[in-house]
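Subject: Structure for you to look at

Hello,

Here is the structure I said I would pass on. Please open it beside this email and follow along.

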Amino acid sequence: MKKRILSIVFLLTFAVSAFILSGCGSKKTEADSETVRQFTVVCVDAQGTEQHFELSSARKTLGEALRDEKMIDGEDGPYGLQLITVCGISADWTKDGAYWAIYIGDDYALYGVDGIEIVDGTVYKFVWTKM
């Protein structure tokens, strides 16, 4: 009987110790896992005037970072945010047949703003475009 009680006490002590120690050491906090990336945003209006912004963010996607900066606005759709306003300039397809073309460096983006992952040092260009 004594052996059984000792075994149970030993197992409980071991289980509690393992539970407590599992929280130590290798856990990363949210702040530790965030990498701040620096990038440039260029907004080109209907007249071709450019505005340049040097930004940094720990967000993963361009959409998240630019929402935080209040640089973009639009309507959420099935493919993410449909951009209407960028840098305070409106391009509304339903009103004037204009939209925001997004470029990553010199390449036309294959995804919307919510699908573009920020890469450190990259230039993202938003160009007011009318069909």
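Below is what was found in it, starting with the whole chain and ending with single residues.

This is a predicted model, in which local features need pLDDT of at least 70 and side-chain atom pairs count only at pLDDT 80 or more, while totals for chains, interfaces and linings use all residues. Residues are numbered from 1 along each chain as its sequence is written, and side-chain values use heavy atoms, with hydrogens and water left out.

**The chain as a whole**

The protein chain has four helices and eight strands. Helices (H or I, at least four residues) and strands (E, at least two) are DSSP runs, numbered from the N terminus. Along the sequence they follow the pattern α-α-β-β-α-β-β-β-α-β-β-β.

Of the 131 residues in the protein chain, 28% are buried. Buried means under 20% relative accessible area, exposed means over 50%, and partly exposed lies in between (1.4 Å probe, protein chains only). The accessible surface of the protein chain is about 9400 Å², and 56% of it belongs to carbon and sulfur atoms. These areas come from the Shrake-Rupley method with a 1.4 Å probe; for residues, only the protein chains shown count as cover.

A contact means heavy atoms within 4.5 Å. Among contacts in the protein chain between residues at least 6 apart in sequence, 48% join residues at least 24 apart.

**The sheet**

Three strands form an open sheet in the order β3-β4-β5, with antiparallel pairing. Two strands pair if DSSP finds at least two bridges between them. β3 and β5 stand at the edges with a single partner strand each, so one side of each has no neighbour in the sheet. β4 and β5 run antiparallel and are joined by two bridges; T85 has S90, in β5, as its bridge partner.

**The core**

A nonpolar core is a set of buried Ala, Val, Leu, Ile, Met, Phe, Trp, Tyr and Cys residues joined through side-chain atoms within 4.5 Å. The largest one has 25 residues, and those with the most contacts inside it are F39, L62, L66, L83 and F126. Two or more residues each come from β1 (37-44), α3, β4, β6 (98-104) and β8 (123-130). Leaving aside residues up to four places away in sequence, L83 touches I72, D73, A91, W100, I102, V113 and F126.

**Aromatic pairs**

Rings of Phe, Tyr and Trp (its six-membered ring) pair if their centres lie within 6.5 Å; planes under 30 degrees apart count as stacked, over 60 as edge-to-face and the rest as tilted. By this rule there are three aromatic pairs. One of them is W93 with Y99: the ring centres are 6.3 Å apart and the planes are at 65°, so the pair is edge-to-face. W93 is partly exposed at 46% relative accessibility, and Y99 is partly exposed at 25%. Y103 and Y108 also form an edge-to-face pair, at 5.4 Å centre to centre and 85° between the planes. Y103 is partly exposed at 26%, as is Y108 at 46%.

**Two backbone angles**

Most residues other than glycine have a negative phi. K70, which is not a glycine, has a positive phi of about 60°. K70 lies in the loop between α3 (62-68) and β3 (72-77), and it counts as exposed because its relative accessibility is 72%. C87, also not a glycine, has a positive phi of about 55°. C87 is in the loop between β4 (80-86) and β5 (89-90), and it counts as buried because its relative accessibility is 17%.

Regards
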